[in-house]
Structure formats: structure tokens, C-alpha cells
Amino acid sequence: HLAPGVGRVQPGELLPQLDEKRARRFPDDMNAQNDLAIDLGAIATSHADREDYAEAIRLYERSLVIRRRISDADPANVYARSRVAYGHYALALPYAATGQDALGQQHARRAIELYEPLTAIDSGSRMASRQASSMC
């Protein structure tokens, strides 16, 4: 028998753990990398919702690094480029919530810069760009 809590996975932890293993095993599989970036972003949002902003920032940063790598691998991929912009927007929120306004505005501005060329071809980018603009 295991001690309480040892070796057990909490609800909501299994998929991210599996995606992390898959992303490590297949570093050139952009779908595996994207799945991990999405997981990290979702967990970060959960931390931000609980006002655990330091952990939210850490996880959003990890997600953004992965999103950048995916986008850099295929610069013509509009979806990947929009996800990098979203990563910056997502980071702006916890920075602003912790009074780190300069960092929050820096990420919001970067999100706007990245969304701008996409707004002509992607309606979701237009809306996201407006949301990021409201932070500046």
C-alpha cells in the first residue's frame, strides 16, 4: 500500500503529465508541443484565478517559450503566430494584477504588435488585439 497521496494523480493532473512526457519524447512533434503549451496555459489560468500569480506567471512563461518555438518552426502558420500573441496577452494579466505594470504593459504591447498583421486575416486576432489594447 502507498502512503496517502503518494503515487496518486489528482484529477486534472494526468493529461498534462502525459502531454509533458510526450513532448519530451517527441521534441520535433509540434502537435505534442502545442498540447503541452495549451495544458500549461490552462493550469496557469487556474493559478491566476486563485490569485497565485507567481505560479501563473511561471507557467505562462513556459507555455510562451513552447509557443514561440512552434511559431518559429513555421512562420507562415497564422494559428501558431496568434498563440504567441495570446501568450503575451495572458502574461500581461498576472503582471498587472501584481502591480508590475511595466511588465504587464510590455507584454500587452507585444501582443498587439504580433496580432496586428494577423487582424486582416483572422477575426479572432482582431478581437484579441482590442482586448490587449485595453491594457495599455
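How many helices and strands does the secondary structure of the protein come to? In this predicted model, the tally is six helices and zero strands, taken as DSSP runs numbered from the N terminus (helices are H or I with at least four residues, strands E with at least two). Residues are numbered from 1 along each chain as its sequence is written. Local features need pLDDT of at least 70 and side-chain atom pairs count only at pLDDT 80 or more, while totals for chains, interfaces and linings use all residues, and side-chain values use heavy atoms, without hydrogens and water.

**Overall picture**
- Along the sequence, the pattern reads α-α-α-α-α-α.
- The protein has 136 residues, and 37% of them count as buried (under 20% relative accessible area with a 1.4 Å probe, protein chains only; exposed is over 50% and partly exposed lies in between).

**The core**
- The largest nonpolar core has 23 residues; such a core is a set of buried Ala, Val, Leu, Ile, Met, Phe, Trp, Tyr and Cys residues joined through side-chain atoms within 4.5 Å.
- Helices α2 (30–49), α3 (53–73), α4 and α5 (101–115) each supply at least two residues of this core.
- Leu91 is among the residues with the most contacts inside the core, alongside Leu36, Leu40, Tyr60 and Ile66.
- Beyond its neighbours within four places in sequence, Leu91 is in contact (heavy atoms within 4.5 Å) with Ile57, Tyr60, Glu61, Leu64 and His107.

**A look at Tyr86**
- Tyr86 sits in helix α4 (residues 78–97) and is partly exposed, with a relative accessible area of 27%.
- Not counting residues up to four places away in sequence, Tyr86 touches Arg67 and Tyr115.
- Tyr86 and Ala111 are 25 residues apart in sequence, with their C-alpha atoms 6.5 Å apart in space.
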